[in-house]
Amino acid sequence: MLLPLRGLQDHAPLLACDRCDTLLVVKMRPDGLPLRGYAPAARGFVLPGGFGMVDRVLRTTAAEVTNWSLEAVLVDEILEGQRWKLGQRNSRTRSWEASLPEIARDLLEVGLGEIEMLIEFRLPESTARADVVLAGVNPRTGADTYVVVELKQWDRAELAYNSDRIVRASGVRDEELHPIDQVRGYCKYLTQYVEVLHDRPQDVHGAVFLHNATENSISTLRARQPDQFGRLFTGERRDAFQKFLADRLAPAPDSGPAKRLLDSKVMARPNLLTLTASELRQATENSLLDNQELAYQRVIEQVRLAHEQHPKSVVIVTGGPGSGKSLIAVKLLAELNRAGYQVQHATGSSAFTKSLRKYPAVGSTALKKLFQYYRTFADYRPNQLQVLICDEAHRVRAVSTNRFTKKDKRTDRPQIDELIAAANVSVFLLDEHQVVRPDEVGTVNEIRTHATRAGYPVHIVPLEGQFRCGGSEVYDEWVRRLLELRVGGPTPWRDEQNFEVRVAQSPQEMQDFLSTKHDAGESARITAGYCWPWSDPNDDGSLVDDVTIGEWSMPWNSRAERALNGVPPSAYWATDPAGFGQVGCVYTAQGFEYDWAGVIIGPDLVVRGGRFISVRDANLDKPLKAKKLFDDQFNELIRNVYKVLLTRAMRGVVIYSTDKETQQFLADLVPRSAV
């Protein structure tokens, strides 16, 4: 029974369920009856003025979906439930109109009209969304049971050449991951990270419903073997799909199964270094989702071709911070190394490569040799490796020659050419908005140009997900618009359930707030733009408090190659807990993640007249001081620097600007900005 909540007349009507203690935001029909309700996703619900959580999921039933479809309000209901803009029509909304009534019909026909449907179910701490999760009980055991359903409108699809994991579908421009693998990834992810399901994988099932397809039109897709987490049904075999649902689901006497799923705690994902250590020693069940798996399979496909037919190829994987590029790199490295391939991982970052050697590869000389620097491959023979994985490839330099290169080794050969030449299959994983130095040339266009000029095919896979910043695609978009890396300009921040944004009133306030997180065992770091000198340590090994803002000061991370007085060397600033006592820069932060980030925006990027402008004279980074660097190049690079710093955190970010007008601008954008 739904009971009205009083005292909230100024807000959207609310009802409380007396059976399950669930709050529902209710849209009322003209006759005063409730039309439908929304329930929060895991971790609770914020009442007005706490509204603003994007992680709400639309809870409904097959009967209700059928009614909405008949009343032509289905899309509006889902858009409103997900807090997307009403009237926003695209391929996603068209798929709702075409596919949701189909599964609702099947549920109704087998007496499951009251099974709860969780529509556009967002996987915790990610941007991946399952089309529908059905929540009920097992008809034989009575245990909570969940069926993850991926709906496709395809009427025809076939396997791509030389792969059983990549498909081409009618009406879809790009190749896609086999839908069985897509839904299988969702199921595995849920059983790994949702606590209530962690020890009960037998209660999770996955299905793909191609309601427009016939058996003949998708026959090659049957080569992918089904299992509990992934089965495929066509419209021609609707009876089999209905039996699948009826065998696994029955309505619960209350809303318990859905509520327990949505209220469950989420288990923390392992950080990259921990995951790498595990993967290198044995295969794990850590899931790749959607285009992450597609990118992985694209590389495996090219490696197989190179082994059988000996052609060279290049794969470029693009994606923003936290989209899973390094996870793909690690999974590829571990799997190919176990399979006996000559494979190596490379970066242009001293801190990143040293950390990979120190932590995941500890105790194994062979594993340490898997991690190299880009400049290493200048001396490799052509095709000396079978696979070269270039992580953080936005940091590829114009040439490998630098001031430390011996005279007889100096060359003007492009570093991209050296990397491509070194292996049969070269993989570049990059984010063009993380190019932060004038000599970094790791862009899609540059790599593609070098590869095609040499006659090698290029395969590009874009990643669209977000697994950092609490899985908040809203935050990633907010940062892009704040720094005007995306059209539209800055927008006010709206609260997110899984990610916090705060503006500190002083650097001391920032430090105090982050200290509480650090003392509680969460990782936290403070970074800043390179706007202060970076001194050598004092004679006694202590660091100089170079970053000075008013009465507050803190040293930069250490320059030393070894620990001094308990302070870690720069390469381990982001990974050693003792790094919290120093301010990091973009070169020590890039490639890493930590729970909480403090970001000091220096005087090299200030707001004037409502928009950010760059100030070259305020920046002390030598590569950015070069006279040959044009103003527009500096402007782009400095925005990329702050984008890197602002997108390192998993749980929240605290921002402070040394410029008064900029500080006020940020405070106006971020509500309740005091920490």
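In the predicted model, tryptophan 478 is in contact, beyond its neighbours within four places in sequence, with Thr491, Pro492, Trp493, Val501, Ile655, Leu669 and Val670. Together with Tyr475, Trp478 has the most contacts inside the largest nonpolar core, a set that comprises 107 residues.

An open sheet is formed by three strands in the order 9-10-11, with antiparallel pairing. Strand 9, which spans 157-159, and strand 11, which spans 176-177, stand at the edges with a single partner strand each, so that one side of each is left without a neighbour in the sheet. Between strand 9 and strand 10, the latter covering residues 166-169, the antiparallel pairing extends over three bridges, and leucine 159 is placed opposite valine 167 of strand 10. Helix 8, formed by residues 291-309, packs on this sheet and touches both strand 10 and strand 11, its direction making about 110° with that of strand 10.

A further set of pairings involves strand 18, which runs over residues 423-430 and is mostly covered, eight of its eight residues being buried. Strand 14, at residues 313-318, pairs with strand 18 in the parallel sense over six bridges, and within this pairing valine 314 has serine 426 of strand 18 as its bridge partner. Strand 17, at residues 385-390, also runs parallel to strand 18, to which five bridges join it; here leucine 385 stands opposite alanine 423 of strand 18.

When neighbours within four places in sequence are set aside, the residues in contact with proline 270 are Tyr193, Leu275 and Asn286. As for asparagine 286, which is 16 residues away from proline 270 along the chain, the C-alpha atoms of the two residues are separated by 9.4 Å.

Technical notes: Residues are numbered from 1 along each chain as its sequence is written. This is a predicted model: local features need pLDDT of at least 70, side-chain atom pairs count only at pLDDT 80 or more; totals for chains, interfaces and linings use all residues. Side-chain values use heavy atoms; hydrogens and water are left out. Two strands pair if DSSP finds at least two bridges between them. Helices (H or I, at least four residues) and strands (E, at least two) are DSSP runs, numbered from the N terminus. Contact means heavy atoms within 4.5 Å. Axes are lines fitted to C-alpha atoms, for helices over the stretch in contact, and angles run from 0 to 180 degrees between N-to-C directions. A nonpolar core is a set of buried Ala, Val, Leu, Ile, Met, Phe, Trp, Tyr and Cys residues joined through side-chain atoms within 4.5 Å. Buried means under 20% relative accessible area, exposed over 50%, partly exposed in between (1.4 Å probe, protein chains only).
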